[in-house]
Amino acid sequence: MNRGHSLKWTALGLGLSVLGLGIGGFSQAWAQAPGRGPAHGKGPGGPPPLHRGPVSYYMTSCASCHGPDGNALGPGFAAKLSETQLRNKVREMAEGMAAAPIDGPILSATTAFVRSIAKQEPYVAWINQAGPNLTGELSPGTKLVVSVRGKPLTATIRGLNWSVKLPAGAKPSEVVLTATRGRARHQVALSEGPHSFHPGHGRGGPRGPRGRR
Ligand code: HEC
């Protein structure tokens, strides 16, 4: 199930690059997928970065009990929980066990990260911008390609942090992050949102057809 899903997304990514449809086609199809409403807070320049790292938050507040790569999260638990149930569980854990409450975008981003690592799938988030420099975080064991208008840039990866310098004139909303972990691959257009999430589980929206499994 899991593997089929990953393969499907890998195949879709490959198909798009082979056909030369590029990222525009992908994010358009993504945005039009059933159950996917318009992104919250999406202005003309795209949504803002998170300003707070969900991966470092998890490593500081949750990993001691659940493992840095989510090994101790109880396999398969995420598939049984809806987006709202998982978000509530993460909120409850943050307030209780971790004594480090979170809410809003960082809660959504951490929920998406927890779902990713529970499935050993890749996760990537955009955290900050300083001039042309973008920084962010990624899940353990994840490879990252940062591209702008379809051209790959040289990203620096240190541990669970990445950084990249945009060429003159390029905007964050033109950036696409492609994260790969094993056979699973997720693409995030920063024009759509600041972090990866699973198809059908986007940003607290209703579950789409791909989310039912
Ligand atoms: C002190 C240890 C501890 C810390 C810290 C902790 N948890 Fe938990 N977590 C548990 C225990 C024990 C359970 C099972 C009992 C329960 O569900 O309350 C659990 C259950 C969960 C579950 C439900 C899935 C499952 O495996 O049962 C999720 C999701 C979760 N934790 C996420 C988090 C997140 C996210 C954080 C950080 C904000 C966190 N936890 C911090 C101990 C911890």
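**Figure 1. The hairpin of E7 and E8 in the predicted model.** In this predicted model, the hairpin of strands E7 and E8 has 2 residues between the strands, and Gly182 adopts a positive phi near 55 degrees. Strand E7 covers residues 175-181 and runs antiparallel to E8, to which 6 bridges join it. Within this pairing, Thr180 stands opposite Arg185 of E8.

**Figure 2. The two faces of strand E8.** Strand E8 comprises residues 184-189 and is mostly covered, with 6 of its 6 residues buried. Ala184, His186 and Val188 point one way from the strand, while Arg185, Gln187 and Ala189 point the other way.

Figure 3. Ser147 is placed opposite Val176 of E7. Strands of a sheet pair through backbone hydrogen bonds, in either a parallel or an antiparallel sense.

**Figure 4. The hairpin of E1 and E2.** Strand E1 (residues 124-130) pairs with strand E2 (residues 133-138) in the antiparallel sense, over 6 bridges. Val124 stands opposite Leu138 of E2. The hairpin has 2 residues between its strands, and Gly131 takes a positive phi near 60 degrees.

**Figure 5. The packing of helices H6 and H7.** Two packed helices are described by the angle between their axes and the distance between the axes. For H6 and helix H7 (residues 104-118), the angle is about 105 degrees and the axes are 9 Å apart. H6 is therefore roughly perpendicular to H7, as angles of 65 to 115 degrees are counted in that class. By class, this contact of H6 with H7 has 4 nonpolar, 3 polar and 3 charged residues. From H6, the residues involved are Leu86, Arg87, Val90 and Arg91, which meet Leu107, Ser108, Thr110, Thr111, Val114 and Arg115 in H7.

**Figure 6. Asp103 in the loop between H6 and H7.** Asp103 lies in the loop between the two helices H6 and H7. Asp103 is exposed because 10 other C-beta atoms lie within 10 Å, and a residue counts as exposed with 12 or fewer. The C-alpha atoms of Asp103 and Arg87 are separated by 9.6 Å, the two residues being 16 residues apart along the chain.

**Figure 7. The shell around the ligand.** Of the 15 residues around the ligand, those that come nearest are Cys62, Cys65, Gly74, Met93 and Met97. Helix H4 (63-66) and helix H6 (83-95) are the elements that give two or more residues to this shell. The largest share, 4 residues, comes from H6. By class, the shell has 10 nonpolar, 4 polar and 1 charged residues.

**Figure 8. The protein chain as context for the close-up views.** The secondary structure of the chain comes to 7 helices and 8 strands. Of its 213 residues, 35% are buried. Among contacts between residues at least 6 apart in sequence, 65% join residues at least 24 apart.

How values were computed: Residues are numbered from 1 along each chain as its sequence is written. This is a predicted model: local features need pLDDT of at least 70, side-chain atom pairs count only at pLDDT 80 or more; totals for chains, interfaces and linings use all residues. A residue is buried if 20 or more other C-beta atoms lie within 10 Å of its own, exposed if 12 or fewer, and partly exposed in between; C-beta atoms are placed from the backbone. Two residues are in contact if their C-beta atoms, placed from the backbone, lie within 7 Å. A residue is near a molecule or strand if its C-beta atom, placed from the backbone, lies within 6 Å of it. Ala, Val, Leu, Ile, Met, Phe, Trp, Tyr, Cys and Pro count as nonpolar, Asp, Glu, Lys and Arg as charged, and the others, Gly among them, as polar. Two strands pair if DSSP finds at least two bridges between them. Axes are lines fitted to C-alpha atoms, for helices over the stretch in contact, and angles run from 0 to 180 degrees between N-to-C directions. Angles under 35 degrees count as roughly parallel, over 145 as roughly antiparallel, 65 to 115 as roughly perpendicular and the rest as oblique.
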